[in-house]
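I opened this chain to look up its sheet, its helices and a few single residues.

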Amino acid sequence: EIPIALREVERRPGARILEVGNVLSAYADFPHVIVDKYERAEGVLNVDIVEYRPEVPFDLILSISTLEHVGWDETPREVGKVLRALEAMRRMLAPGGELLVTMPLGYNAELDALLEASALPFTEQRFLRRISRDNRWREADWLEVRGTQFGSPYACGNAIVVGRIRHTPDEGEGRSCCAQPS
């Protein structure tokens, strides 16, 4: 997941980037806005992504193994919140911008059901399946990863979805994601 995300960052020098979930700062240093509701760290905005209102839209939004927790690991559990989070992030994209999300399968039953129903708003989705204890992966299709369990047969994730949402220039006509300048 980390190399996939960092490759997207490298492809967009000078881009305005948002990361949802403070993951990449442990692996790379690059200018970007980080929103993480729970992690307290310097430079991290502690706000719920569905409530975040940036001043201007983003060219790239990344979320690495974070959205499976949104709504699911909260008390009380908020059914449908992952869809609201994806919609909120989609609205934050600049024309031509892209959202890249990775999430493990088998952790969040609601998320797995949305994948099964093809109900996530991705313009593209691919799957990776873990094939060894030493963390080797290969691309797979839905039928190969469907029903994968988190933590079995290997620790942590054993399959992930890599989802993308691309903002086409005509898609955002008449809508605004961001705070209005005063």
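The entries below go from the whole chain down to single side chains.

**Ground rules.** I am working on a predicted model, in which local features need pLDDT of at least 70, side-chain atom pairs count only at pLDDT 80 or more, and totals for chains, interfaces and linings use all residues. I number residues from 1 along each chain as its sequence is written, and side-chain values use heavy atoms, with hydrogens and water left out.

**Whole chain.** I looked up the secondary structure first. The chain has 4 helices and 8 strands. Helices here (H or I, at least four residues) and strands (E, at least two) are DSSP runs, numbered from the N terminus. The pattern along the sequence reads α-β-β-β-β-α-β-α-β-β-α-β. The radius of gyration is 16 Å, close to the 16 Å from the globule rule for 182 residues, so the chain is as compact as a globular protein of that length. That radius is taken over C-alpha atoms, and the rule is 2.2 Å times the number of residues to the power 0.38. I also took the principal axes: the C-alpha trace spans about 55 × 35 × 35 Å. Buried residues make up 48% of the 182. Buried means under 20% relative accessible area, exposed over 50%, and partly exposed in between (1.4 Å probe, protein chains only). Of the contacts with a separation of 6 or more, 64% join residues 24 or more positions apart. A contact is heavy atoms within 4.5 Å.

The 8 strands form an open sheet, 3-2-1-4-5-8-6-7, with mixed pairing. Two strands pair if DSSP finds at least two bridges between them. Strand 3 (44–45) and strand 7 (137–140) are the edges, each pairing on one side only.

I then followed strand 1. Strand 1 pairs with strand 4 in the parallel sense over 3 bridges, and Leu18 stands opposite Ile61 there. Strand 1 also runs parallel to strand 2 (33–35), again over 3 bridges, with Val20 opposite Val35. Are the faces of strand 1 buried or exposed? Both are covered: Ile17 and Glu19 are buried on one side, Leu18 and Val20 on the other.

Strand 4 and strand 5 run parallel, joined by 6 bridges. Phe58 stands opposite Leu93 in strand 5.

**Cores.** I searched for nonpolar cores, meaning sets of buried Ala, Val, Leu, Ile, Met, Phe, Trp, Tyr and Cys residues joined through side-chain atoms within 4.5 Å. The largest has 33 residues, and Leu18, Ile49, Ile61 and Leu67 have the most contacts inside it. Which element gives the largest share of this core? Helix 2 does, with 5 residues. I checked Ile61 as well: beyond four places in sequence, its contacts include Leu18, Val20, Met89 and Leu99. A second, separate core of 16 residues includes Ile4, Ile64, Ile160 and Val162.

**Helix 2.** I listed the buried positions of helix 2 (81–91): Lys81, Val82, Ala85, Leu86, Ala88, Met89 and Arg90. They pack against strand 1, strand 4, strand 5, helix 3 and strand 8. Lys81 is buried, with a relative accessible area of 2%. The Lys81 side chain makes a polar contact with the side chain of Asp48 at 2.4 Å. A polar contact is a pair of N or O atoms within 3.5 Å; within protein, one must be able to donate a hydrogen and the other to accept it, and residues adjacent in sequence count only if both atoms are side-chain atoms. Beyond four places in sequence, Lys81 also touches residues including Lys37, Val50, Val70 and Glu74.

**Helix 3.** Here Glu110, Leu111, Leu114 and Leu115 are buried. They cover an arc of only 140 degrees, which puts them on the same side of helix 3. The arc is that of the directions from the helix axis to the C-beta atoms. Their cover includes helix 2, strand 5, strand 6, helix 4 (142–145) and strand 8. At the start of helix 3, a side-chain oxygen of Asn108 reaches to within 2.9 Å of the backbone nitrogen of Glu110. Ser118 follows the helix, with a positive phi near 55 degrees.

**Arg129.** Arg129 is partly exposed at 28% relative accessible area. Beyond four places in sequence, its contacts include Arg136, Trp137, Glu144 and Asn158.
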